[in-house]
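Please look over the model below before reading on. My notes follow as numbered points.

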Amino acid sequence: MPQLDLLAEPTMFEAGAELGPAGPMAMLESAGVGISAVDLHGICIFINAAACRMIGYAREECLGHNMHEMVHGRRPDGSVYPKEECPMYRAAQAGAPVRVTTEMFWRSGGTGFPVDYSSQPIMVNGRIRGLVVTFSDMTERKQAEEALRTSEERFRTAFDNALIGMTVTDLELRCQQVNARFCSITGYTEKELLHTDAVATHPDDRQETLAVVRSMREGRTSSGVLTKRYMRKDGQPVWVRVSVELVRDGEGRPLHYITLVDDITERKRLEEEAEQNEVWLRFTQSVAGVGIWDWDAQTGLTKASESQFRLYGLEPECQFPVGEEFLDLIHPADRERMARELSHSLEGKSRYQCQFRVVWPDGSVHWLMGKGRVFFDDAGKPVRSIGANLDITERMQAERALA
(Lines give C-alpha, C1' and ligand atoms only; values in the text may rest on other atoms or scores of the structure.)
Protein backbone atom coordinates (compact mmCIF):
# COMPACT_ATOMS: atom_id res chain seq x y z
CA MET A 1 0.00 0.00 0.00
CA PRO A 2 1.57 3.37 -0.98
CA GLN A 3 2.54 5.62 1.90
CA LEU A 4 1.17 9.14 2.06
CA ASP A 5 3.99 11.61 2.47
CA LEU A 6 2.40 14.50 4.30
CA LEU A 7 5.52 16.56 3.91
CA ALA A 8 5.22 16.22 0.16
CA GLU A 9 1.68 17.67 0.11
CA PRO A 10 1.66 21.41 -0.69
CA THR A 11 0.37 23.73 2.03
CA MET A 12 -2.34 26.30 1.30
CA PHE A 13 0.38 28.96 1.25
CA GLU A 14 2.52 26.92 -1.16
CA ALA A 15 -0.53 26.21 -3.36
CA GLY A 16 -1.26 29.92 -3.55
CA ALA A 17 2.36 30.64 -4.40
CA GLU A 18 2.23 28.11 -7.23
CA LEU A 19 -0.73 30.00 -8.72
CA GLY A 20 1.34 33.14 -8.86
CA PRO A 21 -0.22 36.60 -8.83
CA ALA A 22 -3.54 35.11 -9.91
CA GLY A 23 -3.68 32.87 -6.83
CA PRO A 24 -5.65 35.14 -4.48
CA MET A 25 -8.10 36.02 -7.23
CA ALA A 26 -8.62 32.33 -8.05
CA MET A 27 -9.33 31.60 -4.42
CA LEU A 28 -11.93 34.38 -4.22
CA GLU A 29 -13.49 33.12 -7.45
CA SER A 30 -13.75 29.60 -6.02
CA ALA A 31 -15.36 30.64 -2.73
CA GLY A 32 -18.82 29.28 -2.02
CA VAL A 33 -20.09 32.59 -0.62
CA GLY A 34 -20.81 35.71 -2.63
CA ILE A 35 -17.96 38.21 -2.59
CA SER A 36 -17.94 41.66 -4.16
CA ALA A 37 -15.94 44.83 -3.81
CA VAL A 38 -17.24 48.36 -4.33
CA ASP A 39 -15.61 51.80 -4.25
CA LEU A 40 -16.76 54.62 -2.04
CA HIS A 41 -19.52 55.44 -4.55
CA GLY A 42 -20.91 51.87 -4.40
CA ILE A 43 -19.59 51.03 -7.91
CA CYS A 44 -18.73 47.35 -8.32
CA ILE A 45 -15.03 46.76 -8.98
CA PHE A 46 -15.06 42.98 -8.32
CA ILE A 47 -17.64 40.20 -8.01
CA ASN A 48 -17.12 36.44 -7.89
CA ALA A 49 -19.06 33.66 -9.58
CA ALA A 50 -21.03 32.67 -6.46
CA ALA A 51 -22.32 36.22 -6.05
CA CYS A 52 -23.37 36.35 -9.71
CA ARG A 53 -25.29 33.09 -9.37
CA MET A 54 -27.16 34.31 -6.31
CA ILE A 55 -28.25 37.67 -7.73
CA GLY A 56 -28.81 36.41 -11.28
CA TYR A 57 -26.57 38.94 -13.04
CA ALA A 58 -23.60 38.30 -15.31
CA ARG A 59 -20.30 39.67 -14.13
CA GLU A 60 -20.30 42.23 -16.98
CA GLU A 61 -23.68 43.54 -15.82
CA CYS A 62 -22.29 44.23 -12.36
CA LEU A 63 -18.84 45.69 -12.95
CA GLY A 64 -18.98 49.46 -13.16
CA HIS A 65 -22.54 49.65 -11.79
CA ASN A 66 -23.93 50.70 -8.42
CA MET A 67 -24.52 47.48 -6.44
CA HIS A 68 -26.83 49.07 -3.89
CA GLU A 69 -29.19 50.19 -6.64
CA MET A 70 -29.03 46.77 -8.36
CA VAL A 71 -29.55 44.39 -5.45
CA HIS A 72 -30.26 46.42 -2.30
CA GLY A 73 -32.31 49.40 -3.38
CA ARG A 74 -35.69 48.12 -2.13
CA ARG A 75 -37.01 47.08 1.23
CA PRO A 76 -38.92 43.77 1.68
CA ASP A 77 -42.20 45.69 1.25
CA GLY A 78 -41.01 47.06 -2.12
CA SER A 79 -40.43 50.63 -0.96
CA VAL A 80 -37.25 52.49 -1.85
CA TYR A 81 -34.26 51.82 0.40
CA PRO A 82 -32.06 54.97 0.30
CA LYS A 83 -28.36 54.24 0.34
CA GLU A 84 -27.93 56.72 3.19
CA GLU A 85 -29.90 54.33 5.40
CA CYS A 86 -27.98 51.26 4.27
CA PRO A 87 -25.81 49.79 7.07
CA MET A 88 -22.98 49.20 4.59
CA TYR A 89 -22.98 52.86 3.51
CA ARG A 90 -22.94 54.05 7.12
CA ALA A 91 -20.19 51.56 7.97
CA ALA A 92 -18.13 52.83 5.04
CA GLN A 93 -18.47 56.39 6.30
CA ALA A 94 -17.37 55.31 9.77
CA GLY A 95 -14.68 52.94 8.55
CA ALA A 96 -16.10 50.10 10.63
CA PRO A 97 -17.12 46.54 9.71
CA VAL A 98 -20.79 45.54 9.86
CA ARG A 99 -22.85 42.36 9.69
CA VAL A 100 -26.58 42.21 8.93
CA THR A 101 -28.89 39.15 8.89
CA THR A 102 -32.32 40.78 8.62
CA GLU A 103 -32.39 42.25 5.11
CA MET A 104 -32.93 41.13 1.52
CA PHE A 105 -31.09 41.30 -1.78
CA TRP A 106 -32.95 41.37 -5.09
CA ARG A 107 -32.28 39.16 -8.11
CA SER A 108 -32.27 40.34 -11.70
CA GLY A 109 -35.74 38.87 -12.20
CA GLY A 110 -37.19 40.95 -9.37
CA THR A 111 -37.46 38.25 -6.72
CA GLY A 112 -35.89 38.83 -3.35
CA PHE A 113 -34.05 36.49 -1.00
CA PRO A 114 -32.95 36.89 2.64
CA VAL A 115 -29.22 37.38 3.09
CA ASP A 116 -26.57 37.25 5.74
CA TYR A 117 -24.05 39.89 4.64
CA SER A 118 -20.92 41.47 6.06
CA SER A 119 -18.91 44.42 4.84
CA GLN A 120 -15.31 45.25 5.63
CA PRO A 121 -13.57 48.55 4.73
CA ILE A 122 -10.73 48.41 2.18
CA MET A 123 -7.89 50.44 3.70
CA VAL A 124 -5.06 51.83 1.57
CA ASN A 125 -2.40 53.94 3.25
CA GLY A 126 -4.72 54.45 6.18
CA ARG A 127 -7.58 55.69 4.04
CA ILE A 128 -10.88 53.97 3.19
CA ARG A 129 -10.98 53.19 -0.51
CA GLY A 130 -14.04 50.95 -0.65
CA LEU A 131 -15.77 47.91 0.84
CA VAL A 132 -15.51 44.14 0.52
CA VAL A 133 -18.95 42.57 0.89
CA THR A 134 -19.52 38.87 1.54
CA PHE A 135 -23.02 37.42 1.55
CA SER A 136 -24.92 34.12 1.66
CA ASP A 137 -28.43 33.21 0.55
CA MET A 138 -30.41 32.56 3.76
CA THR A 139 -33.54 31.20 2.06
CA GLU A 140 -33.14 27.56 3.17
CA ARG A 141 -32.01 28.58 6.64
CA LYS A 142 -34.95 30.97 7.04
CA GLN A 143 -37.34 28.26 5.83
CA ALA A 144 -35.85 25.83 8.33
CA GLU A 145 -36.12 28.43 11.10
CA GLU A 146 -39.73 29.15 10.18
CA ALA A 147 -40.55 25.44 10.10
CA LEU A 148 -38.92 25.04 13.50
CA ARG A 149 -40.76 28.06 14.88
CA THR A 150 -44.08 26.75 13.55
CA SER A 151 -43.38 23.31 14.98
CA GLU A 152 -42.49 24.79 18.35
CA GLU A 153 -45.64 26.92 18.34
CA ARG A 154 -47.77 23.89 17.54
CA PHE A 155 -46.10 21.89 20.29
CA ARG A 156 -46.51 24.72 22.75
CA THR A 157 -50.19 25.16 21.86
CA ALA A 158 -50.83 21.43 22.17
CA PHE A 159 -48.77 21.31 25.37
CA ASP A 160 -50.52 24.23 27.04
CA ASN A 161 -54.05 23.18 26.06
CA ALA A 162 -53.79 19.42 26.51
CA LEU A 163 -56.57 17.77 28.51
CA ILE A 164 -53.99 15.67 30.36
CA GLY A 165 -51.02 16.83 32.39
CA MET A 166 -47.73 17.21 30.53
CA THR A 167 -44.23 17.92 31.81
CA VAL A 168 -40.70 18.18 30.49
CA THR A 169 -38.19 17.31 33.22
CA ASP A 170 -34.41 17.18 33.33
CA LEU A 171 -32.48 14.04 34.18
CA GLU A 172 -32.80 14.84 37.89
CA LEU A 173 -36.60 14.91 37.44
CA ARG A 174 -36.81 18.68 37.97
CA CYS A 175 -39.61 20.31 35.99
CA GLN A 176 -38.49 22.44 33.03
CA GLN A 177 -41.97 22.84 31.51
CA VAL A 178 -45.42 22.11 32.93
CA ASN A 179 -48.86 22.73 31.51
CA ALA A 180 -52.00 24.05 33.19
CA ARG A 181 -53.59 20.62 33.52
CA PHE A 182 -50.58 19.25 35.43
CA CYS A 183 -50.79 22.23 37.79
CA SER A 184 -54.48 21.48 38.31
CA ILE A 185 -53.79 17.80 39.06
CA THR A 186 -51.05 18.51 41.60
CA GLY A 187 -52.40 21.72 43.12
CA TYR A 188 -49.16 23.63 42.53
CA THR A 189 -48.64 26.78 40.45
CA GLU A 190 -46.32 26.76 37.46
CA LYS A 191 -43.87 28.98 39.36
CA GLU A 192 -43.80 26.53 42.27
CA LEU A 193 -43.10 23.60 39.96
CA LEU A 194 -40.48 24.97 37.56
CA HIS A 195 -36.87 23.90 38.25
CA THR A 196 -37.96 21.87 41.27
CA ASP A 197 -39.08 18.36 42.10
CA ALA A 198 -41.90 19.71 44.28
CA VAL A 199 -44.39 16.98 43.32
CA ALA A 200 -43.67 13.96 45.48
CA THR A 201 -44.60 10.40 44.61
CA HIS A 202 -46.51 8.51 47.27
CA PRO A 203 -44.03 6.55 49.45
CA ASP A 204 -45.62 3.23 48.49
CA ASP A 205 -45.09 3.94 44.76
CA ARG A 206 -41.52 5.31 44.80
CA GLN A 207 -39.66 2.05 44.19
CA GLU A 208 -41.72 1.21 41.10
CA THR A 209 -41.19 4.74 39.78
CA LEU A 210 -37.43 4.57 40.31
CA ALA A 211 -37.31 1.17 38.61
CA VAL A 212 -38.99 2.57 35.48
CA VAL A 213 -36.62 5.57 35.40
CA ARG A 214 -33.58 3.34 35.95
CA SER A 215 -34.62 1.03 33.12
CA MET A 216 -34.77 3.98 30.71
CA ARG A 217 -31.48 5.51 31.87
CA GLU A 218 -29.70 2.18 31.44
CA GLY A 219 -31.07 1.84 27.90
CA ARG A 220 -33.14 -1.29 28.57
CA THR A 221 -36.34 0.58 27.64
CA SER A 222 -37.06 3.92 25.98
CA SER A 223 -40.39 4.56 27.71
CA GLY A 224 -42.53 3.39 30.57
CA VAL A 225 -46.12 3.38 31.80
CA LEU A 226 -47.18 3.07 35.41
CA THR A 227 -50.09 3.78 37.70
CA LYS A 228 -49.14 5.58 40.87
CA ARG A 229 -50.06 8.33 43.30
CA TYR A 230 -48.77 11.87 43.52
CA MET A 231 -49.03 13.80 46.75
CA ARG A 232 -50.87 17.06 46.05
CA LYS A 233 -49.83 20.35 47.60
CA ASP A 234 -52.72 19.98 50.08
CA GLY A 235 -51.32 16.62 51.19
CA GLN A 236 -54.00 14.51 49.52
CA PRO A 237 -53.00 11.62 47.22
CA VAL A 238 -54.12 11.69 43.60
CA TRP A 239 -54.11 8.58 41.41
CA VAL A 240 -52.48 9.10 38.00
CA ARG A 241 -51.54 7.05 34.98
CA VAL A 242 -48.08 8.19 33.91
CA SER A 243 -46.53 7.64 30.47
CA VAL A 244 -42.92 8.76 30.34
CA GLU A 245 -40.32 8.76 27.56
CA LEU A 246 -36.61 9.50 27.74
CA VAL A 247 -35.50 11.79 24.90
CA ARG A 248 -31.94 11.31 23.64
CA ASP A 249 -29.78 13.30 21.25
CA GLY A 250 -28.44 12.04 17.92
CA GLU A 251 -25.57 10.27 19.65
CA GLY A 252 -27.81 8.50 22.16
CA ARG A 253 -27.05 10.74 25.13
CA PRO A 254 -30.08 11.28 27.42
CA LEU A 255 -31.46 14.83 27.34
CA HIS A 256 -34.74 14.98 29.25
CA TYR A 257 -38.01 13.24 30.00
CA ILE A 258 -41.42 13.97 28.50
CA THR A 259 -44.25 12.82 30.74
CA LEU A 260 -48.00 12.52 30.15
CA VAL A 261 -50.10 12.44 33.33
CA ASP A 262 -53.76 11.39 33.36
CA ASP A 263 -55.77 11.90 36.56
CA ILE A 264 -57.56 8.60 37.19
CA THR A 265 -58.62 9.29 40.78
CA GLU A 266 -62.33 9.15 39.94
CA ARG A 267 -61.88 6.00 37.89
CA LYS A 268 -59.97 4.33 40.74
CA ARG A 269 -62.77 5.32 43.14
CA LEU A 270 -65.41 3.82 40.88
CA GLU A 271 -63.34 0.66 40.42
CA GLU A 272 -62.94 0.30 44.18
CA GLU A 273 -66.67 0.89 44.69
CA ALA A 274 -67.51 -1.67 42.01
CA GLU A 275 -65.15 -4.17 43.60
CA GLN A 276 -66.67 -3.56 47.02
CA ASN A 277 -70.19 -3.86 45.60
CA GLU A 278 -69.21 -7.14 43.98
CA VAL A 279 -67.97 -8.41 47.34
CA TRP A 280 -71.22 -7.34 49.00
CA LEU A 281 -73.29 -8.92 46.20
CA ARG A 282 -71.46 -12.23 46.45
CA PHE A 283 -71.88 -12.20 50.22
CA THR A 284 -75.60 -11.37 49.95
CA GLN A 285 -76.19 -14.08 47.37
CA SER A 286 -74.30 -16.60 49.47
CA VAL A 287 -76.22 -15.78 52.65
CA ALA A 288 -79.57 -15.66 50.88
CA GLY A 289 -78.89 -18.78 48.83
CA VAL A 290 -79.51 -16.92 45.54
CA GLY A 291 -77.68 -17.68 42.30
CA ILE A 292 -77.70 -15.48 39.17
CA TRP A 293 -77.34 -16.72 35.58
CA ASP A 294 -77.11 -15.01 32.19
CA TRP A 295 -77.44 -17.05 28.98
CA ASP A 296 -76.17 -15.66 25.63
CA ALA A 297 -78.04 -17.12 22.65
CA GLN A 298 -75.31 -16.15 20.18
CA THR A 299 -72.49 -17.97 22.01
CA GLY A 300 -74.67 -20.55 23.73
CA LEU A 301 -72.74 -19.95 26.95
CA THR A 302 -74.05 -19.12 30.40
CA LYS A 303 -72.38 -16.75 32.83
CA ALA A 304 -73.15 -17.58 36.44
CA SER A 305 -72.47 -16.13 39.87
CA GLU A 306 -70.38 -18.05 42.34
CA SER A 307 -73.47 -18.88 44.39
CA GLN A 308 -75.19 -20.23 41.27
CA PHE A 309 -72.47 -22.85 40.95
CA ARG A 310 -72.80 -23.70 44.64
CA LEU A 311 -76.57 -24.28 44.26
CA TYR A 312 -75.76 -27.10 41.81
CA GLY A 313 -72.89 -28.51 43.86
CA LEU A 314 -70.33 -27.28 41.31
CA GLU A 315 -67.00 -25.47 41.65
CA PRO A 316 -67.03 -21.89 40.24
CA GLU A 317 -63.81 -22.51 38.28
CA CYS A 318 -65.58 -24.58 35.62
CA GLN A 319 -67.89 -23.42 32.78
CA PHE A 320 -71.53 -23.52 33.83
CA PRO A 321 -73.26 -26.42 32.03
CA VAL A 322 -75.73 -25.78 29.19
CA GLY A 323 -78.08 -27.94 27.12
CA GLU A 324 -78.08 -31.65 27.92
CA GLU A 325 -75.26 -31.23 30.45
CA PHE A 326 -77.46 -28.82 32.38
CA LEU A 327 -80.48 -31.14 32.25
CA ASP A 328 -78.32 -33.97 33.59
CA LEU A 329 -78.04 -31.99 36.84
CA ILE A 330 -81.84 -31.97 37.24
CA HIS A 331 -83.56 -34.75 39.21
CA PRO A 332 -84.87 -37.38 36.75
CA ALA A 333 -88.43 -36.86 37.96
CA ASP A 334 -88.29 -33.13 37.19
CA ARG A 335 -86.18 -33.22 34.04
CA GLU A 336 -88.98 -33.38 31.43
CA ARG A 337 -90.98 -30.62 33.14
CA MET A 338 -87.88 -28.44 33.39
CA ALA A 339 -87.11 -28.89 29.67
CA ARG A 340 -90.72 -27.98 28.80
CA GLU A 341 -90.65 -24.81 30.94
CA LEU A 342 -87.39 -23.69 29.36
CA SER A 343 -88.69 -24.38 25.85
CA HIS A 344 -91.91 -22.41 26.43
CA SER A 345 -89.98 -19.41 27.75
CA LEU A 346 -87.64 -19.41 24.74
CA GLU A 347 -90.67 -19.55 22.41
CA GLY A 348 -92.17 -16.56 24.20
CA LYS A 349 -95.20 -18.53 25.42
CA SER A 350 -94.55 -17.80 29.10
CA ARG A 351 -91.99 -16.47 31.53
CA TYR A 352 -89.76 -19.05 33.08
CA GLN A 353 -90.77 -19.99 36.65
CA CYS A 354 -90.27 -23.43 38.09
CA GLN A 355 -89.62 -25.40 41.26
CA PHE A 356 -87.35 -28.38 40.75
CA ARG A 357 -84.78 -30.62 42.33
CA VAL A 358 -81.08 -30.90 41.47
CA VAL A 359 -78.81 -33.81 42.24
CA TRP A 360 -75.34 -32.84 43.43
CA PRO A 361 -72.27 -34.85 42.43
CA ASP A 362 -72.25 -36.34 45.96
CA GLY A 363 -75.79 -37.70 45.38
CA SER A 364 -77.60 -35.28 47.68
CA VAL A 365 -80.87 -33.75 46.46
CA HIS A 366 -81.67 -30.03 46.77
CA TRP A 367 -84.77 -28.04 45.95
CA LEU A 368 -84.49 -24.84 43.90
CA MET A 369 -86.95 -22.25 42.70
CA GLY A 370 -86.00 -20.58 39.42
CA LYS A 371 -87.30 -17.42 37.77
CA GLY A 372 -86.11 -15.91 34.52
CA ARG A 373 -86.84 -13.67 31.56
CA VAL A 374 -86.01 -14.09 27.89
CA PHE A 375 -85.16 -11.12 25.66
CA PHE A 376 -86.01 -11.23 21.95
CA ASP A 377 -84.79 -9.30 18.90
CA ASP A 378 -87.06 -7.53 16.41
CA ALA A 379 -87.54 -10.79 14.52
CA GLY A 380 -88.80 -12.53 17.64
CA LYS A 381 -85.69 -14.66 18.13
CA PRO A 382 -84.30 -15.09 21.66
CA VAL A 383 -80.99 -13.31 22.20
CA ARG A 384 -80.56 -13.47 25.94
CA SER A 385 -82.04 -14.97 29.09
CA ILE A 386 -81.40 -13.78 32.63
CA GLY A 387 -82.65 -15.35 35.82
CA ALA A 388 -82.10 -16.35 39.41
CA ASN A 389 -82.32 -19.52 41.48
CA LEU A 390 -83.20 -19.69 45.15
CA ASP A 391 -82.41 -22.59 47.47
CA ILE A 392 -85.78 -23.67 48.97
CA THR A 393 -84.61 -27.04 50.32
CA GLU A 394 -85.31 -26.23 53.98
CA ARG A 395 -88.77 -24.87 53.15
CA MET A 396 -89.72 -27.96 51.14
CA GLN A 397 -88.45 -30.25 53.89
CA ALA A 398 -90.45 -28.28 56.47
CA GLU A 399 -93.62 -28.46 54.36
CA ARG A 400 -93.24 -32.20 53.91
CA ALA A 401 -92.66 -32.66 57.61
CA LEU A 402 -95.94 -30.87 58.37
CA ALA A 403 -97.92 -32.77 55.72
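1. Contact here means heavy atoms within 4.5 Å. On that basis, and not counting residues up to four places away in sequence, isoleucine 55 touches Ile47, Cys62, Met67, Val71, Trp106, Arg107, Ser108, Phe113 and Phe135.

2. A word on the source. This is a predicted model, where local features need pLDDT of at least 70 and side-chain atom pairs count only at pLDDT 80 or more, while totals for chains, interfaces and linings use all residues. Residues are numbered from 1 along each chain as its sequence is written, and side-chain values use heavy atoms, with hydrogens and water left out.

3. The largest nonpolar core has 24 residues. Such a core is a set of buried Ala, Val, Leu, Ile, Met, Phe, Trp, Tyr and Cys residues joined through side-chain atoms within 4.5 Å. Buried means under 20% relative accessible area, exposed over 50%, partly exposed in between (1.4 Å probe, protein chains only). Ile47, Ile55, Cys62, Met67, Phe105 and Phe135 touch the most other members. Elements giving two or more residues include β2 (44-47), α3 (49-55) and β5 (127-137). The top contributor is α3, with five residues. Helices (H or I, at least four residues) and strands (E, at least two) are DSSP runs, numbered from the N terminus.

4. A separate core has 20 residues, among them Val199, Val212, Val213 and Tyr230.

5. The largest pocket is lined by 23 residues. A pocket is an open set of points on a 1 Å grid over the protein atoms alone, where a 1.4 Å probe fits, with protein on both sides within 12 Å along at least five of seven lines; lining residues have an atom within 4 Å of a point. Leu173, Thr201, Thr209, Lys228 and Tyr230 lie nearest the centre of this pocket. Its largest share of lining, five residues, comes from α10.

6. Turn to the second largest pocket. Its lining counts 21 residues, with Trp293, Trp295, Thr302, Phe326 and Leu342 closest to the centre. Here α14 gives the most, four residues.

7. Where does lysine 233 sit? Lysine 233 is in the loop between β9 and β10. It counts as partly exposed because its relative accessibility is 45%. Beyond neighbours within four places in sequence, lysine 233 contacts Thr186, Gly187, Tyr188 and Glu192. Threonine 186 is 47 residues away in sequence, yet 6.4 Å away in space, C-alpha to C-alpha.
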